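Visitor: Could you walk me through this structure and tell me what stands behind the words you use for it?
Guide: Gladly, let's look at it together.

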Amino acid sequence: MRRLLIKQLGSEQEADFALKILLTHLVSAGFGEHRKGHLRDYLAKAVRSCAKARLAEQGGLDEEAIKQRCAELIPESKRWLILWRDCLLDRAWRALERLEHQDRTRPLYTILWTSTIEPKSTLDELADKAEARTGTRPEGPQVQQFKHEAKAAFAQLLADEVVETLEKADKVSVKNEINKLGIGSAFHGLNVEAKEPA
């Protein structure tokens, strides 16, 4: 949200002022009628509202100019969906990295991250990266096994992130959200459960 507000308002400082408006609103009003549906839709509307409020506070723009400046801040905006998708992916990567820190003998994050950014890496190269990062060197078949386990773990973590953002988190809703965000490739060939939100 902050990145989008910086773009719309022109500076980090103005974005932070707008986010203060948002936080004040959330604390005072709660989620209100927006509890239903998608968290991303609610946040897009909230970001738009706080950006408009901050632009109005700044003065110098008429209502039409404010509306044009905030035109991109709508739930179905391509830019918003990309930022939302990137946020969910970042959260899933960080969760996988935390799992690796909990058990250094299972370098799932390192193996999957390396094979994602360097897809031509050999199993030996993946083992080298894992050893350099964790102190544990998996060998041949174990690297391949970790790679498969890492893909499954990442997909589950990503699905969990999606579930947390939906009011109705049944299989159809989760699948629709995954498709809308364009993250379906993370799930190819894997069986992932749509867990109920906490």
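Guide: The largest pocket has a volume of about 340 Å³. This is a predicted model, where local features need pLDDT of at least 70, side-chain atom pairs count only at pLDDT 80 or more, and totals for chains, interfaces and linings use all residues. Residues are numbered from 1 along each chain as its sequence is written, and side-chain values use heavy atoms, with hydrogens and water left out.

Visitor: What makes a set of points a pocket, and what is its volume?
Guide: On a 1 Å grid over the protein atoms alone, a pocket is an open set of points with protein on both sides within 12 Å along at least five of seven lines, whereas a cavity is a set where a 1.4 Å probe fits but cannot get out. Grid points are joined across faces, edges and corners, and the volume is the space filled by probe spheres set on the points.

Visitor: How do you know which residues Ser-115 touches?
Guide: Contact means heavy atoms within 4.5 Å. Leaving out residues up to four places away in sequence, Ser-115 touches Leu-126 and Lys-147.

Visitor: Why is the pair Arg-54 and Glu-57 called a salt bridge?
Guide: The term asks for a side-chain nitrogen of Lys or Arg within 4 Å of a carboxyl oxygen of Asp or Glu. The closest N and O atoms of Arg-54 and Glu-57 are 2.9 Å apart, so the pair meets the definition.

Visitor: What about Arg-137 and Glu-131?
Guide: Their side chains form a salt bridge at 3.5 Å, N to O. Salt bridges that share partners join Asp-128, Glu-131, Arg-137 and Glu-139 into one network. Arg-137, at 28%, is partly exposed, and so is Glu-131, at 38%.

Conventions: 1 Å grid on protein atoms, 1.4 Å probe; cavity = no way out; pocket = protein on both sides within 12 Å on 5 of 7 lines; lining within 4 Å. Buried < 20%, exposed > 50% of the residue type's maximum accessible area, 1.4 Å probe, protein only.
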